[in-house]
Amino acid sequence: MNLGSNEDTICAISTAPGVGGIAVVRVSGKMAFEYVEKVFSKPLAQSLSHTAHFGKMLKDGVVVDEVLATVFQGQKSFTGENTVEISCHGGLYIQQQILRLLLDNGCRMAEPGEFSMRAFLNGKMDLSQAEAVADLIASQNEASHAQAMHQMRGGFSKEISSLRERLIHFASLIELELDFSEEDVEFADRTDLKELVDEILALVNKLVHSFSLGNVIKNGVPVAIMGAPNMGKSTLLNALLKDDRAIVSDIAGTTRDTIEDSVVINGVQFRFIDTAGIRKTENEIETIGIGRAIEKANQASVVLYLVDASSITREELVTATSEFQEQISDPNKSFIVVGNKVDRHTGDIGELYSKFEFLDEVVFISALTGKNIDGLTDLLIQKLNLGEIGNHDTIVTNERHHKELLEVQKSLTEVRQGLDMDITGDFLAIDIRKSLHHLGAITGEISTDDLLSNIFSKFCIGK
């Protein structure tokens, strides 16, 4: 993306590709009103901001479409510059004709993310807020939507800016000491600085730690459904999705490859993965499927290990669960044993439960009848430790922000160690500057053309 071309007036179709009831063509730039007026039946430049005007788009005097042109004046617009949003009928031919009219009369085609980039460059939002625009559009569940809205409204930015301002105060005092180094004076109280660094480090640590949860909120929770053949894995997948997504059969080894699908539960998106039954086999294709199943289990956030609660013995359960867990690379993986087929159990219920009492986490269900499926999904939500996520909680969902915070964490730790070692102000100043740099990079107070191009080039055209 060419950051030096911001004097151009740009245009693009801002609605999703395809045919719909209406489409929106966005025009933004210094000459937006003048260029649109060349092909629109009414004057716009003197109109009040946020007003809509019904008129006709014309090509050589011939009506292309009847549209609504909404005017946004300068700093009152999303981009911070004159903007017109043309709402036309949603036919592909009409959209392309209007776009061609604008291009022929002075506009330039917008590059991916260029409208959002201009909003950032014109001070309408900081960099983290601009990135939240993309997250908001991509959100597929309540939790990711809430976090994107919180970030877009500046909740995350305010917290980062507050940390940065407090550090700047002490950095300026230390820089001042360096100017008077020959006089051996101390303007920055080291005890106060230690307290500040400890406080900021605690907040940064909290934000860094929140990324695992933020990643789950943004991208969904991968849950692998594992177990021996004929344990009801495919039936459980269908029950969770409330759809016949997987083929169900009494024939062992029906599932040879992984089947994935998503569903939103309590505002959180879960990606359930039905896998091949785990057993010893000579079948080459089934062996490949089992290998993929183990791979998916290692990649998943949560593993559901299904057993037949009605027939398995305690000894078989101990052997099966221990052998399976040995194949999982992460010993701290969230692991839930699911006692399925309780509808087939005819004996004493206490005897059933006693077989499973050695396990830390177990839930009893019938995937066939749907019994206690809600109990299983409630346990999955509890395992995520979502707590009470509200619109005002700051949770890091962006990988770039997470990487910058890790650098802040590293440099602040070095500042704290330096204070304990009573090192000189010039070395302290270096590490504090590093912290300030990485905090500023999150909000865009410190940025480069390459960084901006990399971020905004991932946006859609028209965004």
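Ile137 lies in helix 4 (residues 127-138) of this predicted model, where helices (H or I, at least four residues) and strands (E, at least two) are DSSP runs numbered from the N terminus. With a relative accessibility of 56%, Ile137 counts as exposed; here exposed means over 50% relative accessible area, buried under 20%, and partly exposed in between (1.4 Å probe, protein chains only). Residues are numbered from 1 along each chain as its sequence is written, and side-chain values use heavy atoms, with hydrogens and water left out. As the model is predicted, local features need pLDDT of at least 70 and side-chain atom pairs count only at pLDDT 80 or more, whereas totals for chains, interfaces and linings use all residues.

Six strands form it in the order 3-4-5-2-1-6, with mixed pairing; two strands pair if DSSP finds at least two bridges between them. Strand 3 (51-59) and strand 6 (108-109) stand at the edges with a single partner strand each, so one side of each is left without a neighbour in the sheet. Strand 4 (residues 62-72) and strand 5 (residues 83-90) are joined by five bridges in the antiparallel sense, and Thr70 has Glu85 of strand 5 as its bridge partner. Helix 2 (residues 92-104) packs on this sheet and touches strand 1 (10-13), strand 2 (20-28), strand 3, strand 4, strand 5 and strand 6, contact being heavy atoms within 4.5 Å. The direction of helix 2 makes about 150° with that of strand 5; axes are lines fitted to C-alpha atoms, for helices over the stretch in contact, and angles run from 0 to 180 degrees between N-to-C directions.

Helix 3 (residues 114-121) also packs on the sheet, touching strand 1, strand 2 and strand 6, and its direction makes about 135° with that of strand 1. This helix is mostly covered, with seven of its eight residues buried: Glu114, Phe115, Ser116, Met117, Arg118, Ala119 and Phe120. These buried residues pack against strand 1, strand 2, strand 6, helix 4, helix 14 and helix 15 (449-456). Just after helix 3, Gly123 takes a positive phi of about 75°.

Strand 7 (residues 221-227) runs parallel to strand 9 and is joined to it by five bridges, Pro222 having Arg271 as its partner in strand 9. Strand 8 (residues 259-265), by contrast, runs antiparallel to strand 9 over seven bridges, and Ile259 is the bridge partner of Asp274. In the hairpin of strand 8 and strand 9, two residues lie between the strands, and Asn266 takes a positive phi near 50°.

Finally, the axes of helix 13 (residues 399-420) and helix 14 (residues 425-443) come within 8 Å and cross at roughly 160°. The two helices are therefore roughly antiparallel, as angles over 145 degrees count as roughly antiparallel, under 35 as roughly parallel, 65 to 115 as roughly perpendicular and the rest as oblique. Residues making the contact include Leu405, Val408 and Leu412 of helix 13 and Leu428, Ile432 and Leu439 of helix 14.
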